[in-house]
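Let's take a walk through this protein together. Have the sequence and the picture ready, and we'll stop at a few spots along the chain.

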Amino acid sequence: MQRICFTLTFLFILALGLQAQPSVFGTGLVNGNPNYATYDLTDKGAFRQVRLQAGSSGTDRVWEFASGTAANTDYSINWRPYAGGQTLSSFNAVISPAAEEASARYNNNFGGASGLLPNVTAGNYYTVNVTENGPPNNNFMAILETTYPPATVAGVTGPPCATSCGYEVTVTLSNPPAAGEYAYVRYSTDGFATSGFIIVNFNGVSGMATIPIANANVAYYAYTSSNSLPQLISAVNTYGDVAHDMLALELGNNGGSNYNYSPCTTSNPVAVCQNTTVQLDGTGDASITSADIDGGSFDNCGLPSLSASPTAFTCSDVITATPTDLFFSEYAEGTGNNKYL
């Protein structure tokens with residue numbers, strides 16, 4: 001009986017360990033190691049995040065991920081370097097546990113040692129991302145340093161369906177993007193087993209991007225990053241799609257459900273013409289534009305491309321014809337035999 005109870009207890013502890021994920025970030029980032037503090041990570045779906053602002057500058061400040069909560073942190077399960085004295089290679093980069101010793105590697109029974117940060121600058125913002133894989137997985141991570149507080153994604157909108165012209169997404173931020181702040185739309189037709197992405201071009205707080213897929217069901221979301229398009233392409237080529245999560249400052253993903261669209265029922269363009277009157281000028285010339293004879297032509301990509309031919313006229317285009325019909329405009333009867341036309 002004692003052996004059975006011991007086995008059940010062991011299995012219960014093992015199950016708890018397998019369920020644990022990084023949920024706390026411990027660090028001296030804000031004001032140096034004497035002011036070490038723990039912070040709860042926000043669950044973003046495939047990864048977890050917290051943002052801190054440095055109150056002072058300095059080097060060799062510690063960092064680590066653990067389980068539990070900020071108020072009750074469990075360091076017996078943690079993600080940090082195996083050996084002490086390991087400094088994170090850089091900010092604004094994907095940190096792979098397979099490639100870098102200073103990475104979020106899984107430890108249990110209080111194993112491993114706190115990692116160290118590169119130089120921290122007072123006033124800068126530090127966005128901390130980590131994948132949410134539990135034991136016994138080593139996790140990807142990134143710490144993104146910005147001189148600005150990242151803009152939040154206030155809205156992501158698009159039309160009801162996609163036409164043959166593609167699908168135009170509008171991304172609205174809380175404020176215009178700062179210098180070095182970019183926004184992207186990531187999209188997929190297979191639940192993000194594979195995906196593509198495009199940069200958003202902004203005018204003020206709103207920006208637009210066109211997803212080129214028109215003939216399939218597509219899921220998409222928007223995110224901001226401190227990585228430029230060439231940097232992001234390089235990171236995705238090196239680390240795969242996990243780079244999108246690790247390099248994200250803010251998400252616009254419909255509360256974790258993403259946004260979706262399907263193809264529209266397509267139709268051919270419809271030409272609608274109208275009559276127009278052309279007045280010859282003093283030299284006997286006149287001209288028209290396509291807008292002069294358009295009566296509301298359309299297709300389901302929006303306003304079609306219009307053209308007219310011919311567009312120039314002279315006196316030779318005036319038609320002079322001999323009347324073949326007689327038209328009475330008025331008839332009246334007078335007194336006696338008097339009739340009037």
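Predicted model: local features only at pLDDT ≥ 70, side-chain atom pairs only at ≥ 80, totals over all residues.

Let's begin with a sheet. Four strands make up an open sheet, lined up in the order β3-β4-β9-β10, with antiparallel pairing. β3 (42-43) and β10 sit at the edges with a single partner strand each, so one side of each has no neighbour in the sheet. Take a look at where β3 meets β4, residues 47-53: these two pair in the antiparallel sense over two bridges. Threonine 42, for instance, stands opposite glutamine 49 in β4.

As a rule, most residues other than glycine have a negative phi, and most peptide bonds are trans. Between β9 (125-131) and β10 (141-146) runs a loop that holds proline 136. The peptide bond leading from proline 135 to proline 136 is cis, with omega near 0 degrees.

Next, head to the loop between β7 (106-108) and β8 (115-116), where you'll find asparagine 109. Its phi is positive, near 55 degrees, even though asparagine 109 isn't a glycine. Is asparagine 109 buried or exposed? Asparagine 109 counts as exposed because its relative accessibility is 63%.

Our last stop is phenylalanine 192, in the loop between β13 (182-188) and β14 (196-199). Phenylalanine 192 isn't a glycine either, yet has a positive phi of about 70 degrees. With a relative accessibility of 18%, phenylalanine 192 counts as buried.

Terms used. Residues numbered from 1 in each chain as written. Heavy atoms only, no water. Buried < 20%, exposed > 50% of the residue type's maximum accessible area, 1.4 Å probe, protein only. Pairing = 2+ DSSP bridges.
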